[in-house]
Amino acid sequence: MGLFDKIKTQANTIGTNISESTSKLTSEISTASKEKSKLSAINSEITSLNGQLNIAYQDIGKKYVSNLLDNKGENVEAVLQDTLDKIEPILEKKIELEKEAVEIEKKLKDQIILQEKAIFQREFDEEKEKLEKASETGCIN
């Protein structure tokens with residue numbers, strides 16, 4: 001009966017380890033999916049802000065040329081100020097979102113590195129266990 005009890009214990013341990021690994025993997029996948037969704041939303045918002053900035057830049061160009069033709073370039077700052085005031089918060093928001101996107105990308109890359117490390121560690125441990133068993137049985141010295 002001792003052999004069967006040992007096999008039963010090992011099977012239970014393996015089952016528990018598989019369950020814990022599956023649970024952890026599911027959690028990591030869920031977190032990664034959320035982060036990727038958030039990153040996608042941020043990138044979409046950055047694209048939208050770039051469109052708004054391009055329209056504002058075109059407006060600046062039109063106003064500048066119009067001012068050159070009508071006023072020979074005098075009071076250019078006053079003519080452009082309203083558009084420049086509109087651009088400033090857009091640029092600040094874009095910079096903030098770009099920083100946030102970089103942080104999320106770092107998290108995702110770090111998570112991939114940790115997953116790969118865990119895989120390599122598990123493979124190493126399995127090979128080490130095989131070698132130890134082989135050494136114990138006298139197959140290798």
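Q: How many helices and how many strands does the chain have?
A: The model is predicted. Helix H1 covers residues 2-71, and helix H2 covers residues 76-137. The count for the chain is two helices and zero strands.

Q: What percentage of the residues in the chain is buried?
A: A residue counts as buried when its relative accessible area is under 20%. The chain has 141 residues, and the buried share of them is 16%.

Q: What percentage of the contacts with a separation of 6 or more is between residues 24 or more positions apart?
A: The contacts considered here are those in the chain with a separation of 6 or more. Among these, the share from residues 24 or more positions apart is 74%.

Q: Which residues form a nonpolar patch on the surface?
A: One member, Leu68, is located in helix H1. Leu68 has a relative accessible area of 38% and is therefore partly exposed, which is over the 30% that a patch residue needs. Together the members have about 390 Å² of accessible area, and they are Tyr64, Val65, Leu68 and Leu69.

Q: Why does the salt bridge of Lys38 with Glu100 tie together separate parts of the sequence, and how many residues apart are they?
A: The closest N and O atoms of Lys38 and Glu100 are 3.6 Å apart, and a salt bridge requires a distance within 4 Å. Because Lys38 lies in helix H1 and Glu100 in helix H2, the pair ties together parts whose separation in sequence is 62 residues.

Q: Is Glu100 buried, partly exposed or exposed?
A: The partly exposed class lies between the buried limit of under 20% and the exposed limit of over 50%. The relative accessibility of Glu100 is 28%, so Glu100 is partly exposed.

Q: Which helices does the salt bridge between Lys63 and Asp82 tie together?
A: The closest N and O atoms of Lys63 and Asp82 are 3.0 Å apart. The two residues are 19 residues apart in sequence, and the pair ties together helices H1 and H2.

Q: Is Lys130 buried or exposed?
A: Lys130 forms a salt bridge with Glu127 at 3.4 Å, N to O, and both residues lie in helix H2, three residues apart. The relative accessibility of Lys130 is 52%, so Lys130 counts as exposed.

Q: Which residues do salt bridges that share partners join into one network?
A: The chain has seven salt bridges in total. Those that share partners form one network of Asp59, Lys63 and Asp82.

Key: Residues numbered from 1 in each chain as written. Predicted model: local features only at pLDDT ≥ 70, side-chain atom pairs only at ≥ 80, totals over all residues. Heavy atoms only, no water. Helix = DSSP H or I, 4+ residues; strand = E, 2+ residues; numbered from the N terminus. Buried < 20%, exposed > 50% of the residue type's maximum accessible area, 1.4 Å probe, protein only. Contact = heavy atoms within 4.5 Å. Patch = residues over 30% accessible without salt bridge, like charges linked within 9 Å, V, L, I, M, F, W, Y side chains within 5 Å. Areas by Shrake-Rupley, 256 points an atom, 1.4 Å probe, with all protein chains shown as cover. Salt bridge = Lys/Arg side-chain N within 4 Å of Asp/Glu carboxyl O.
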